[in-house]
Amino acid sequence: MERHTETVALAGNPNAGKTTLFNELTGSSAKVGNYAGATVELKTGFARTPHGRKLQVVDLPGCLSLDGAAPDQQLAKQALLGEVAELDKPDVVLCVLDASNLERHLILALEIIETGIPVILVLNMIDVAESSGLRLDPQALSEELKVPVVPIQANKAKGIVELKQAIRHPLPPAAEATWANEGKPTEARQTKALELCDLAARRPDAHQSTRSDKLDAVLLHPFFGWVFFIGIMFAVFWSIFSFAEVPMGWVESLQGWVSGLVEGAMPEGDLRSLIIDGVIGGVGSVVIFLPQILMLFFFIGLLESSGYMARAAFLMDGLMSRVGLSGKAFLPLLSSYACAIPGIMATRSIDSAKERLVTIFVAPWMSCTARLPVFFLLIPMLLGGSEGGWVQACVLLGIYVLGTLTAFLVARILRGRLGPDEVEQHFMLELPPYRAPQWPYVFKHLAERGWAFLRKAGTVILGIVILLWAAQTYPKSDSEDPAEQLSHSIMGRVSQVIEPVVKPLGFDGRTGTAVLTSFAAREVFNASMFQLFDVEEDPDDEIGSREALRERLASETWDDGTRMFRPLSVISLLLFYIYALQCLPTSAVVAREAGSWKWAVGQFAFMTAFAASASLIVYQVGSLLGF
Amino acid sequence: MPQATAHELENDSLQSLAQATVGCDFHIRFLEGPACDQLRRLGFCETLQVRKLANGRNLICSVCGTRMALSRKLADQVLVAPVPA
């Protein structure tokens, strides 16, 4: 008979160290950040007690109360009550508390005890508590509440063995909530928490000035705080574009080496063309941007784990409130500059349902890294010359600013239309102490994001690139002329059909086809353009390949002899890519997080129409004005 | 002329956390307003000591060693009295 595997849930306030403990117990690498909202979904793993008994461990999102409005709080409550599909009701709950902050953290623990589930209190960060002069008495706490209490320091794996010993058979019984019938529940829990702290966690002085206070005096200063904030954001983005060149060169060299191997090993023919031009060239034009994506996630992880991200949210609250959002929307929107998917998932920490929907709706307009291949191809065409230079950097910055400002404008309008929340939500945020980043977790998270990107490149993008290659190659014509062959192929015929639709936006049929193919994943645009304009891609020299493509595009003309890719056309194309939602995985995540496909479909339709309208208006008005 | 009760006199001497002076310590006397439950979930309750650290659109205070940022609207619902010197 199969032995029932018991379920242990980790619950507690944000920043209590649940995920650190989860990783210690299960040996896995759940994401950890020193900012509320780092764990936005349930994570499960397995652990063994010292007696060899297997346990399923569930890491719940942090919450201040089980009655909160935010989705992550509701998810935590549902998990504790056994209302989450495919997840057993916990047999025991490890309430992870910040030992230096028991007055607040005990309130949730008391609420969990009231549910009738057996509880073990885990006093984490005992080093911080002791260094702040707190006199902890876990024994007294245990005797008063009638639950096991285990002090630990999860980030140094101290106390883990004792904790595993506490989760032994028989499991501790559920404790009685003796305070539950004494007046209003919230007040009763608070009174009880204060009594317990008087008994077991005496605090010598609640307001010792700490290093974090001294740093906040500068970093949250009304003037200098903003100077540092803008400086840090500028440094992050400048670093990404400067330091990424070296690893991008490594990726290029690797592609060139693989391409050379294939060329040497295979005879000339369709299959070799598919592998070199289609797969290596096509997927390579996307993978080359992996270093920049990783660097942006690295800096976001660094800001989160150090505690600065909470300060950034505090600073940004005033600005965000002018567009109907709060400072809590800052992290999701900042993350969306790397990729909208984790950004949209991070909105679970926003209490207001309507604010959350608005943030989800506008997040794709934070120009994500998937747009970079398109921008790097097109921006030099605006100014002439090759890639690089501070002028082009300013244009790229302008693109980011334009997308962000439009997002804020639409957020303001949409927030107004949705009306006020049923229960007014107020800005409230814990400012955790500044801490040294936990490097193992920062780098493990990077590896996860990098793998997710490569998986997308190896599946969705690879699939599209293969289809593109086939559509461009077949059916073959008898002509030797590449233009004739392309015109005869499926892609050529689609281009002819689509041209009347996209010409008012300044695109010819081939560009329109490339735009169409990039609706599944916008990174594919460059690969499509290489194929549609019959420019060979050198996997060993991506920059040179883009230069060759730009030269080809610059030489293209309409039937009347006018330049096809004059600056106005390029601006029109750039605008389309700034505003269009071209990422099926993002739409899928939006449908899930918004709770309805209507939002995902509506967002897609709105953004597509907006992008097309922006391109149309700019191109037509610009043409009338003689540009 | 009706005499004011000690309770009423005490209430008159209270101020909201939003009005309180930065850098001073206060005792929380009452939580009054529609967001009381939100405040209690954050850990605010009567008799707790709080130090106001910064003012502004959102103010910063320290409660039981934890630094919290609160909107002024929330802080208006926390009535405090200065800690005697």
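This briefing covers the pockets, cavities, salt bridges and surface features of a predicted model. The largest pocket has a volume of about 1400 Å³, and helix 18 of chain A gives the most to its lining. Over all chains the count of salt bridges comes to 18. One of the salt bridges pairs R57(B) with D317(A), and this pair joins two chains.

**Largest pocket**

- The lining of the largest pocket consists of 44 residues.
- Nearest the centre of the largest pocket lie F237(A), F241(A), L396(A), L397(A) and Y400(A).
- Two or more lining residues come from each of these elements of chain A: helix 9, helix 10 (245–265), helix 13 (308–321), helix 14 (330–336), helix 17 (372–383), helix 18 (390–418) and helix 24 (542–555).
- Helix 18 of chain A supplies eleven residues to this lining, the most of any element.
- By residue class, the lining of the largest pocket holds 32 nonpolar, seven polar and five charged residues.

**Cavities**

- Three cavities of 30 Å³ or more are found in a search of the whole structure.
- The volume of the largest cavity is about 50 Å³.
- Its lining is made up of V8(A), L25(A), A47(A), R48(A), T49(A), L55(A), V57(A), L94(A), K164(A) and I167(A).
- At least two of the lining residues come from strand 2 (43–48) of chain A, and at least two from strand 3 (54–59) of chain A.
- Seven residues of this lining are nonpolar, one is polar and two are charged.

**Salt bridge between distant parts of chain A**

- E430(A) and R104(A) form a salt bridge through their side chains, at 3.4 Å from N to O.
- The two residues are 326 residues apart, with E430(A) in strand 9 (residues 428–431) of chain A and R104(A) in helix 3 (residues 102–114) of chain A.
- E430(A) has a relative accessible area of 17%, so it counts as buried, the cut-off being under 20%.
- R104(A) is also below that cut-off, with a relative accessible area of 2%, and is therefore buried.

**Salt bridge between chains**

- R57(B) and D317(A) meet through their side chains in a salt bridge of 3.1 Å, N to O.
- The pair joins two chains because R57(B) lies in the loop between strand 3 (49–54) and strand 4 (58–63) of chain B, while D317(A) lies in helix 13 of chain A.
- R57(B) is partly exposed, at a relative accessible area of 46%.
- D317(A) is buried, with a relative accessibility of 2%.

**Other salt bridges**

- E593(A) and R592(A) form a salt bridge in which the closest N and O atoms are 3.2 Å apart.
- Within this pair, E593(A) is buried, with a relative accessible area of 7%, whereas R592(A) is partly exposed, at 49% relative accessibility.
- D508(A), R510(A), R552(A) and E556(A) belong to one network, joined by salt bridges that share partners.

**Nonpolar surface patch**

- V218(A), F223(A), F224(A), V227(A) and F228(A) make a nonpolar surface patch of about 460 Å².
- Helix 9 (residues 224–243) of chain A provides three residues, the largest share of the patch.
- F223(A) sits in the loop between helix 8 (211–219) and helix 9 of chain A.
- F223(A) has a relative accessible area of 52%, which means that it counts as exposed, the cut-off being over 50%.
- Helix 9 of chain A also gives two or more residues to the lining of the largest pocket.

**Exposed loop residue S209(A)**

- S209(A) is found in the loop between strand 8 (201–202) and helix 8 of chain A.
- S209(A) is exposed, at 53% relative accessibility.
- From C-alpha to C-alpha, S209(A) and G492(A) are 70 Å apart in space, and they are 283 residues apart in sequence.

**Chain B**

- Three helices and six strands are present in chain B.
- Along the sequence, the elements of chain B follow the pattern α-β-β-α-β-β-β-α-β.
- Chain B has 85 residues, of which 48% count as buried.
- R57(B), in a loop of chain B, is partly exposed.

Conventions: Residues numbered from 1 in each chain as written. Chains lettered and ligands numbered in written order. Predicted model: local features only at pLDDT ≥ 70, side-chain atom pairs only at ≥ 80, totals over all residues. Heavy atoms only, no water. Patch = residues over 30% accessible without salt bridge, like charges linked within 9 Å, V, L, I, M, F, W, Y side chains within 5 Å. Areas by Shrake-Rupley, 256 points an atom, 1.4 Å probe, with all protein chains shown as cover. Salt bridge = Lys/Arg side-chain N within 4 Å of Asp/Glu carboxyl O. Helix = DSSP H or I, 4+ residues; strand = E, 2+ residues; numbered from the N terminus. Buried < 20%, exposed > 50% of the residue type's maximum accessible area, 1.4 Å probe, protein only. 1 Å grid on protein atoms, 1.4 Å probe; cavity = no way out; pocket = protein on both sides within 12 Å on 5 of 7 lines; lining within 4 Å. Points joined across faces, edges and corners; volume = space filled by probe spheres on them. Nonpolar A, V, L, I, M, F, W, Y, C, P; charged D, E, K, R; others polar.
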